[in-house]
Amino acid sequence: MFVRWRMTAHPFTVGPSTTVPEAVELMQTHNVRKLPVVLNGRLVGIISQSDIDRASPSMATSFSAGELVYLFSKLKVSKIMSRDPITIGPDALLEEAATRMRDNKIEILPVIDDGELVGVITESDLLDAFMELNGARMNGTRLVIEADDQPGVMARLASITGAVRTNITHIAVYRGGLERSLIVLGVNTLNTDDLERQIADAGFTLKYRLKNE
């Protein structure tokens, strides 16, 4: 799955000359914690709630409360934003985006095409993609099958589903250091009695089933 298929296009943005209180209002209105900072279509930074928290007025100064409020009201986003943010292209694979976000401990990844901001990938986008790839909301049944990690396993399962005239809608393999692999097989039917029987007869172990109506 490519980044462009799951990114949030046309994200809310601010300019570097936007005041911090204006950025705060935009973040609160749209319930976001980070905003790309854009100048003439080009990404120049990211402002986050943590940036704002660090810049918020502290009473441990020689300024009066009124002076602090005034200074904060005039503070520009460009003064506190994080510069040179990590980015990704729209034709990268989604797992590349997930890896960059995880490795760099970031919650938002700007998507840049020909130098311009075209979207962002967020943690919610990744979760939605995970659910879609695994068919979590599709009608049908998901079977978790334990199998030896060896050539020909997928071909055998495909042959079994074909024999009972059942379509495979999703498939995923989880290894995770286990002696045997776990295969999540999504099929387009709720009646899987014949399929499960043939899977067992072929030497596979059914570990779990989930039916979505």
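Keep in mind that the model is a predicted one.

Let's start inside. The largest nonpolar core has 13 residues. Which residues have the most contacts inside it? They are Val-14, Ile-47, Ile-52 and Val-77. α2 gives the most, with four residues. As background, nonpolar side chains tend to be buried together in soluble globular proteins.

Take Val-77 as an example. Set aside its neighbours within four places in sequence. Val-77 is then in contact with Val-14 and Ile-47, among others. Its contacts also include Gly-15, Pro-16, Thr-18, Thr-19 and Val-20. Ala-23 and Val-37 are on the list too.

Now to helix α8, which spans 153–163. Which residues of α8 are buried? Val-153, Leu-157, Ile-160 and Thr-161. Why do they sit on the same side of α8? Because they cover an arc of only 95 degrees around the axis. Look at the other side of α8, and you find Ala-155 and Ala-163 exposed. What covers the buried residues? The cover includes β6 (140–147), β7, β8 (181–187) and α9 (193–201).

Stay with β7 for a moment. There is a nonpolar patch on the surface, made of Met-154, Ile-168, Ile-171 and Val-173. Together they have about 290 Å² of accessible area. The largest share of this patch, three residues, comes from β7. Ile-168 lies in that strand. Is Ile-168 buried or partly exposed? Its relative accessibility is 35%, so Ile-168 counts as partly exposed. The reason is the cut-offs: buried means under 20%, exposed means over 50%, and partly exposed is in between.

Last, the backbone. Just after α8, Arg-165 takes a positive phi of about 55 degrees. Where is Arg-165? In the loop between α8 and β7 (168–174). Its relative accessible area is 79%, so Arg-165 is exposed.

Asp-84 is another residue to look at. Its phi is near 50 degrees, again a positive value in a residue other than glycine. Asp-84 is found in the loop between α5 (77–80) and α6 (94–104). With a relative accessible area of 72%, Asp-84 is exposed.

Technical notes. Residues are numbered from 1 along each chain as its sequence is written. This is a predicted model: local features need pLDDT of at least 70, side-chain atom pairs count only at pLDDT 80 or more; totals for chains, interfaces and linings use all residues. Side-chain values use heavy atoms; hydrogens and water are left out. Helices (H or I, at least four residues) and strands (E, at least two) are DSSP runs, numbered from the N terminus. Buried means under 20% relative accessible area, exposed over 50%, partly exposed in between (1.4 Å probe, protein chains only). Patches are made of residues with over 30% relative accessible area and no salt bridge: like charges are joined within 9 Å, nonpolar side chains (Val, Leu, Ile, Met, Phe, Trp, Tyr) within 5 Å. Accessible areas come from the Shrake-Rupley method with a 1.4 Å probe; for residues, only the protein chains shown count as cover. A salt bridge is a side-chain nitrogen of Lys or Arg within 4 Å of a carboxyl oxygen of Asp or Glu. A nonpolar core is a set of buried Ala, Val, Leu, Ile, Met, Phe, Trp, Tyr and Cys residues joined through side-chain atoms within 4.5 Å. Contact means heavy atoms within 4.5 Å. The arc is that of the directions from the helix axis to the C-beta atoms.
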